[in-house]
Amino acid sequence: MNSYDGFPLWYRELRGEAEKRAKEMPWPDARQEAWRRTNLKRLDLESLYKTEPAQPGFERTAPMNPQAPGPDNRNMRLSFLHDAVLGDYPGVKELYEAQFAAGDNKFIYRLLAEPPRGFYIYLPRNYSAENLLFLEDRLNGSGGETVTLNLVVLEAGARADLWERIGTEDSPVSLHNRATLVLLKRGARLSYYRTQSLPGESALLDFSRFHLKEGAELKSHQAESELHFNKSHVTAVLEERQSRADLRGVYRIGGSRFNEIFTEQIHLAPRCASRSLYRGVLEDEARTVFNGMIRVAPEAVGTDAYLTNNNLLMNDGCRADSIPGLKIATNDVKCSHGSTTGKVDPRQLFYLTSRGFSRTEAREILTRAFLE
Amino acid sequence: MSSPSTVLNKEEYQHGYHFPDQSIFKTRRGLDEEIIRAISGQKKEPEWMLDFRLKAYEAFRQKSMPNWGADLSRIDFDNIYYYAKPTEEQKRTWEDVPEDIKETFDRIGIPEAEKKFLAGVGAQYDSEVVYHNLKEELEKQGVVFCSPEEAVQNHPDLVRKYFGTVIPYRDNKFAALNSAVWSGGSFVYVPPGIRVDIPLQAYFRINSENFGQFERTLIIADEGSFVHYVEGCTAPVYTTDSLHSAVVEIIALEGARVRYSTIQNWSGDVYNLVTKRAFAYKNATVEWVDGNLGSKRTMKYPSVFLKEEGAHGEILSIAFAGQGQEQDTGGKVFHLADNTSSVITSKSISKDGGVSSYRGMIKVHPGRKNIRSRVVCDALLLDEKSVSNTYPYMEIASEDVTMEHEASVSKISDDQLFYLQSRGFTEEEAAAMIVNGFLDPLVKELPMEYAVELNRLIELQMEGSVG
């Protein structure tokens with residue numbers, strides 16, 4: 001009866017609880033601060049969930065390669081998430097549990113309740129990936145919800161550049177509910193690039209998290225293109241001292257598209273640094289929400305955190321909400337944020353047109369420069 | 001009289017003295033329609049005002065408590081006196097004011113201030129304005145400065161035209177409560193073209209235990225006029241929770257300028273939940289200067305609606321959160337017209353585990369041209385236990401906008417402390433000086449005696465904070 005027989009006990013319990021919550025919880029609504037500005041009506045949840053996600057029909061109840069990566073491992077490992085959970089590979093439990101603990105809405109619990117689909121990447125101690133790692137989510141939108149989790153674990157001192165592209169092969173209107181969960185152990189370094197090439201009618205919900213141990217460094221770059229509905233959460237948890245996270249993102253949104261970005265810089269340990277820089281260009285009737293938060297726990301002395309959001313509005317009719325927040329619970333900190341919203345500088349525009357560019361060209365040049 | 005055992009921290013709180021309750025008429029605890037009728041009857045109000053109160057009471061019952069901001073779960077609406085009337089009738093001169101009330105005022109220092117600066121004093125002791133003095137030349141100019149009760153009797157046209165238009169009674173739960181049981185406050189009308197050069201002042205005080213104070217202030221500045229209204233609060237110390245829920249409405253008509261300054265120093269058990277809002281019409285300017293010290297929980301976000309072209313709004317906010325206190329303050333500006341501008345400056349200080357939060361909103365409606373707005377929030381944390389939060393909301397739906405926001409959180413810099421100590425100050429003195437310096441941009445905006453008082457209060461709050 002129980003199709004999760006071969007899975008570790010912690011996973012079965014966590015999944016069971018997530019499934020229960022996913023069933024019982026109502027859809028998020030405006031009463032939740034994180035969803036107050038999100039127009040979920042755009043999603044037409046009714047029809048998206050008419051087709052129930054496929055019930056688990058597992059081919060394997062044991063990992064394909066039974067040897068779990070561990071301290072002896074000398075090479076990078078790429079597995080299906082299914083195998084990684086079955087084999088209880090390093091970091092899987094920690095990342096699952098952190099995501100579960102952060103769960104505050106039905107979507108995240110669905111993400112955890114569904115059978116594990118996605119990839120698991122493991123870099124052993126001091127392993128330095130020389131080439132850019134490229135990971136593509138080839139989502140098969142069936143008109144319903146797709147659920148994907150990618151887990152990335154870098155052991156102490158490992159280094160990698162990872163490019164993740166979210167794409168799809170066909171284009172029925174689908175909701176892609178996904179997360180990339182990353183664990184950077186002591187002194188590990190990751191440069192992470194995320195792009196997406198989904199069809200414009202799609203909807204994307206992303207609940208990515210990065211956990212940084214002592215001295216780990218993260219550089220995250222995120223480029224958002226136009227989607228009917230796009231809500232992306234990026235959380236960096238600086239768990240141990242002297243870790244450093246740098247979150248960057250650009251978005252260029254037109255039409256009547258909706259784009260919402262949530263960033264969280266959570267400082268739990270002394271002397272960590274974090275930066276967030278998000279820039280967006282809005283055209284037509286686009287609507288964007290940027291919601292950033294720096295949280296500093298009482299223990300996190302010597303925190304250095306900064307958060308910036310700049311929006312460029314190309315015409316009337318678009319709307320940019322910018323909500324950079326701070327929650328600081330200790331005094332030995334340097335925390336600040338800045339936000340600007342404005343239009344293309346008329347003087348710069350004049351200068352470029354006086355040099356022979358057409359108005360349209362000049363605007364394009366200035367917009368690109370803004371996003372650089 | 002409350003027994004000595006119910007009085008907390010008397011030494012620490014400089015204005016924490018308390019006189020026997022001599023109120024002449026006082027409603028029972030709790031609130032129902034009967035009490036509202038009694039309040040209205042006591043004030044000999046016309047039917048339309050009673051209707052307004054009853055409708056507001058209905059809205060109060062229907063509205064839910066805010067699900068955000070400070071923790072308000074301890075407020076027990078049934079355990080509050082909603083109305084008390086201290087003396088029989090309005091007094092015109094200082095000599096007629098009852099001795100114990102006068103003594104309280106003496107200690108806060110009203111008479112000196114009055115001699116020097118005041119144009120008129122409406123000092124509120126419990127719910128009624130007990131003392132009123134408006135300089136003769138102002139009266140001749142047609143400036144009205146009186147209690148809202150008097151305004152209802154003597155200027156019904158103005159009251160009916162503007163009362164409850166800026167903050168409708170169903171705006172929020174506490175505005176509805178105030179609209180139902182309001183008592184006391186100020187009414188100011190400045191006729192076209194008149195500049196009131198000296199600030200109009202009113203001191204508000206709470207004196208009955210468990211007694212919510214619901215004053216109502218309405219300021220109308222007619223075309224091209226100017227007025228500076230100053231309100232200050234000090235309250236005696238009590239052990240049980242008191243509720244202060246005021247409503248302040250300001251209307252600045254074409255070309256008018258209104259400046260409203262408050263320093264509130266409620267005792268540490270008061271819930272201070274205030275709705276303040278202003279409408280600024282063509283080329284009008286509204287400035288809020290808002291200082292919040294004391295109180296248990298404060299939720300207060302002075303707002304300006306820039307309704308017509310050329311209007312300008314400015315909000316300066318200071319919050320000082322000490323032990324057990326939560327200051328949830330900020331400001332809101334709504335740009336509803338072209339060529340409007342706004343500035344919000346917020347400075348907050350948290351100490352001994354206090355929580356200070358900035359919560360603000362800048363909203364630009366679609367298609368508005370040439371909008372400028374700037375928001376700056378600085379927070380100072382004096383120890384590792386204290387908390388500072390910032391929640392700035394910016395909703396921009398127009399392209400022709402220059403919107404800037406910055407916020408920073410820091411502690412007192414060791415370099416500055418070291419420098420001042422090397423010049424012979426103790427650490428405590430040095431810290432107090434740095435805090436006063438941090439607040440300087442706001443203090444400068446206050447009338448002189450308020451600036452002095454604020455500096456004194458900060459020094460008092462800072463005592464024993466270092467070392």
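**Notes on the predicted model**

1. Let's start with S317(B), which sits in strand β17 (residues 312-321) of chain B; strands here are DSSP runs of E of at least two residues, helices are runs of H or I of at least four, and both are numbered from the N terminus. S317(B) counts as buried because its relative accessibility is 1% (buried is under 20% relative accessible area, exposed over 50%, partly exposed in between, with a 1.4 Å probe and protein chains only). Setting aside neighbours within four places in sequence, S317(B) touches D290(B), T329(B), G330(B), T345(B), S346(B), K347(B) and L442(B), where contact means heavy atoms within 4.5 Å.

2. Some housekeeping. This is a predicted model, so local features need pLDDT of at least 70 and side-chain atom pairs count only at pLDDT 80 or more, while totals for chains, interfaces and linings use all residues. Residues are numbered from 1 along each chain as its sequence is written, chains are lettered from A and ligands numbered from 1 in the order in which they are written, and side-chain values use heavy atoms, with hydrogens and water left out.

3. Next, a helix pair in chain B. The axes of α2 (residues 47-62) and α8 (residues 173-181) of chain B come within 7 Å and cross at roughly 150 degrees (axes are lines fitted to C-alpha atoms, for helices over the stretch in contact, with angles from 0 to 180 degrees between N-to-C directions). That makes α2(B) roughly antiparallel to α8(B); angles over 145 degrees get that label, under 35 is roughly parallel, 65 to 115 roughly perpendicular and the rest oblique. On the α2(B) side the contact includes F52(B), Y57(B) and F60(B), and on the α8(B) side L177(B) and V181(B) are among the residues. By class, the contact residues are nine nonpolar, one polar and two charged.

4. The other pair is α9 (residues 414-422) and α10 (residues 427-443) of chain B, with axes that come within 9 Å and cross at roughly 125 degrees. That makes α9(B) oblique to α10(B). Q416(B), L417(B), L420(B) and Q421(B) of α9(B) meet E427(B), A430(B), A431(B), M433(B) and I434(B) of α10(B). This contact has six nonpolar, two polar and one charged residues.

5. As for chain A, seven helices and 17 strands are assigned. Of its 372 residues, 56% count as buried. Among chain A contacts between residues at least 6 apart in sequence, 85% join residues at least 24 apart.

Definitions and conventions: Nonpolar A, V, L, I, M, F, W, Y, C, P; charged D, E, K, R; others polar.
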